[in-house]
Amino acid sequence: MEYKDRLFVESLERGFGVLRAFEGHESLGLAEIAEKAGITRSAAQRFTHTLEVLGFLRRDAARRWRLTPRTLEFGTYYLAADPLIAQATPHLVDLNNDCGETVNLSRPDALDMVFLGRFTANRRSFIHMPQGMRVPMYCGATGRAYLATLPRDAAQEMVERSLRRAFTPSTETDPDRIMEAVDAARERGFATAAEQFYVGDLNIACAIVGTDGAGLGAVNISCPTSRWSMADMERELAPRLIETVGFISSVPAARADSGIHHSQRNQS
């Protein structure tokens, strides 16, 4: 990626690229890091050494590189500072206890929704979604709910810029059909997604908005197909979800920060 900004520090970008190379990988060799980060082997050697000294990488017995728990440090700073998380948490706990299913809080970032809070079902769950997990807006109920808060042209432009890969056999990738789901969310006040990101996972979501109507984030309820149908979720859980999000949207913290970060990483 090329930048014309003279203040942009390209070496810092490459350093973050080394860390991002580990996405989906438990460990990597030096050549793999160089290839995935798009840098030379000698540059990869310098960056991995520096990150090892700083405590963000370590080498295992096989001389392969691994991330360390210290990489969570910066994410923790964000989670501790975001006022929406603190204000939403009591309401999300109540909703979780009330419905007995998994409840999540997410914020928009570029073309994804990032999960910031997760309150799991009071029974075994087959889906592992840690804080920081990213779900593309086009295929998640949270993303569709957030897109419904935008002007339609802006929402459609974001859908069309998304890569729109199929995560499951049910994932909708056609932009027109996705926009139909967004339009339905705008009309009904909540969005739905049936097995769009995980097989066996049903979701309904409602957008958190500020007093100006701008979307700040979303809350979703996730249920397995073994216990719920989408019709049952819409009838029994959607009213509780809408009520909960109404409480969250009314607090001052929800109006203080839009939570939208236009990072370069997923813009194309």
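Visitor: In which helix is the place of L241?
Guide: This is a predicted model, where local features need pLDDT of at least 70, side-chain atom pairs count only at pLDDT 80 or more, and totals for chains, interfaces and linings use all residues. Residues are numbered from 1 along each chain as its sequence is written, and side-chain values use heavy atoms, with hydrogens and water left out. Helices (H or I, at least four residues) and strands (E, at least two) are DSSP runs numbered from the N terminus. L241 sits within residues 238-249, which is helix α10.

Visitor: Is L241 buried or exposed?
Guide: Buried means under 20% relative accessible area, exposed over 50%, partly exposed in between (1.4 Å probe, protein chains only). L241 has 0% relative accessibility, so L241 counts as buried.

Visitor: With which side chains does the side chain of N203 make a polar contact?
Guide: N203 belongs to strand β7, residues 201-209. A polar contact is a pair of N or O atoms within 3.5 Å; within protein, one must be able to donate a hydrogen and the other to accept it, and residues adjacent in sequence count only if both atoms are side-chain atoms. One partner, at 2.7 Å, is D201. Another, at 2.4 Å, is N220.

Visitor: Why does N203 count as buried?
Guide: N203 touches A141, A191 and M233, among others, not counting residues up to four places away in sequence. N203 counts as buried because its relative accessibility is 10%.

Visitor: Where is the place of E101, and is E101 buried or exposed?
Guide: E101 lies in the loop between α5 (83-99) and β3 (102-109). Leaving aside neighbours within four places in sequence, its contacts include R123, R227 and W228. At 2% relative accessibility, E101 is buried.

Visitor: What is the phi of R63?
Guide: R63 is in the loop between β1 (57-59) and β2 (65-67). R63 is exposed, at 57% relative accessible area. Its phi is positive in a residue other than glycine, near 65 degrees.

Visitor: Which loop holds A110, and what is its phi?
Guide: A110 lies in the loop between β3 and β4 (112-119). At 7% relative accessibility, A110 is buried. A110 is not a glycine, yet its phi is positive, about 55 degrees.

Methods
Contact means heavy atoms within 4.5 Å.
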